[in-house]
Amino acid sequence: QKDDDTFDDDIESFRRRLMEQSTSGATPNTPPPAPASAEDDVASFREKLLAGAMEFDRVTEAQNTPEATEWVQPCGGPVGGGLLIANPDAFFEDPMFQGKYGVQGFAPGDLPPDRLAELLPVVMLYMHGDLQSAGFVLNRRTGMMMGDLAEQHGLRCFQVQPIWYGGPHGEGQLSMVHTYPQVEGARKISDGLWLGGSFEAAQDEVTEGIASGWNFKFFLQVDAWGAGSLEDEVRRGWWLPARCSPQVVMKIRERGGGTLRPKPMWKEVLELAGDEYSAVQEDFYRKYDIGW
């Protein structure tokens with residue numbers, strides 16, 4: 001049975017072609033585009049880069065306005081639309097916790113604290129219930145962009161959007177999170193956050209100037225738990241659960257000029273939560289900020 005949380009039927013065949021090509025190198029059964037001159041290719045590429053950069057600057061500026069409120073609030077347990085923030089003591093002491101998120105074979109003292117903080121997962125739950133919970137890891141890049149997979153297959157926008165690693169489950173599953181309730185078929189996660197819907201409709205919204213491509217995030221695979229599993233991880237001290245604003249999930253976090261890196265998301269959300277949660281990151285940095 002198809003999961004309602006992935007793209008709708010109109011994107012299923014498209015996604016299969018993308019994944020088949022990216023994993024097997026096969027050429028999809030579609031006619032090739034008309035040949036273009038090198039000058040045309042360069043002009044088109046330059047135009048897309050410029051448009052993307054201007055849109056990135058506009059959305060980043062909008063996200064930094066007072067209206068774009070970022071907040072995180074500790075809560076007593078997992079909640080749909082909320083965050084799971086890794087407890088560093090549990091993460092670096094439990095090989096099972098590390099292995100689930102692909103972090104193994106090093107000692108915490110091998111890296112400076114900011115780099116360690118980047119390894120600590122922050123998960124947004126898009127659903128939580130008695131029988132199943134699921135979400136996306138927010139701070140893991142795959143190293144791919146949407147255009148790496150699909151530009152030659154009719155993708156009209158989103159080419160420079162990164163594809164995030166959503167988690168270890170649902171092999172090949174591609175999902176989108178966004179802020180637009182009008183996208184046909186989208187399912188509400190929480191106030192201001194929506195999941196999936198028609199990919200074609202999403203592209204229409206962007207190409208018509210109604211929506212910004214930077215208010216969509218794309219995730220490959222998901223994080224998932226069966227009945228009682230997530231609650232067990234919380235009891236074992238793996239996670240610090242919290243509620244959050246949509247801006248925290250959708251915020252564009254990019255490196256600054258030169259060698260500057262953005263503040264690790266794990267540190268940022270704990271600072272926003274304040275009090276006991278902020279104390280967790282303060283203790284972490286005191287513990288590992290030695291000799292760096």
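1. Basis. The model is predicted: local features need pLDDT of at least 70, side-chain atom pairs count only at pLDDT 80 or more, and totals for chains, interfaces and linings use all residues. Residues are numbered from 1 along each chain as its sequence is written, and side-chain values use heavy atoms, with hydrogens and water left out.

2. D223. This residue lies in strand β10, residues 216-226. Strands (E, at least two residues) and helices (H or I, at least four) are DSSP runs, numbered from the N terminus. Buried means under 20% relative accessible area, exposed over 50%, partly exposed in between (1.4 Å probe, protein chains only).

3. Partners of D223. Its side chain makes polar contacts with the side chains of Y101, at 2.5 Å, and K100, at 3.4 Å. A polar contact is a pair of N or O atoms within 3.5 Å; within protein, one must be able to donate a hydrogen and the other to accept it, and residues adjacent in sequence count only if both atoms are side-chain atoms. Leaving aside residues up to four places away in sequence, D223 also touches others, among them V123, S133, G166 and H169. Contact here means heavy atoms within 4.5 Å.

4. Helix α7. The helix spans residues 199-207, and its buried residues include F199, A202 and V206. S198 caps the N-terminal end: a side-chain oxygen lies 3.4 Å from the backbone nitrogen of E200. G209 follows α7 and has a positive phi, near 80°.

5. Aromatic pairs. The whole structure holds 18 of them. F91 and F92 are edge-to-face, because their ring centres are 5.2 Å apart and their planes are at 85°. Rings of Phe, Tyr and Trp (its six-membered ring) pair if their centres lie within 6.5 Å; planes under 30 degrees apart count as stacked, over 60 as edge-to-face and the rest as tilted. F92 also pairs edge-to-face with Y288, at 6.2 Å centre to centre and 65° between the planes. F92 is in helix α3 (residues 88-93) and Y288 in helix α11 (residues 275-288), so this pair ties together parts 196 residues apart in sequence. Both F92 and Y288 are buried.

6. Cluster and charges. Ring pairs link a cluster that includes F91, F92, Y101, W238, Y285 and Y288. K267 lies over the face of Y285, 4.3 Å from the ring centre. The charged end of K217 sits over the ring of W164, at 5.2 Å from its centre. The criterion is NZ of Lys or CZ of Arg within 6 Å of the ring centre and within 35 degrees of the ring normal.
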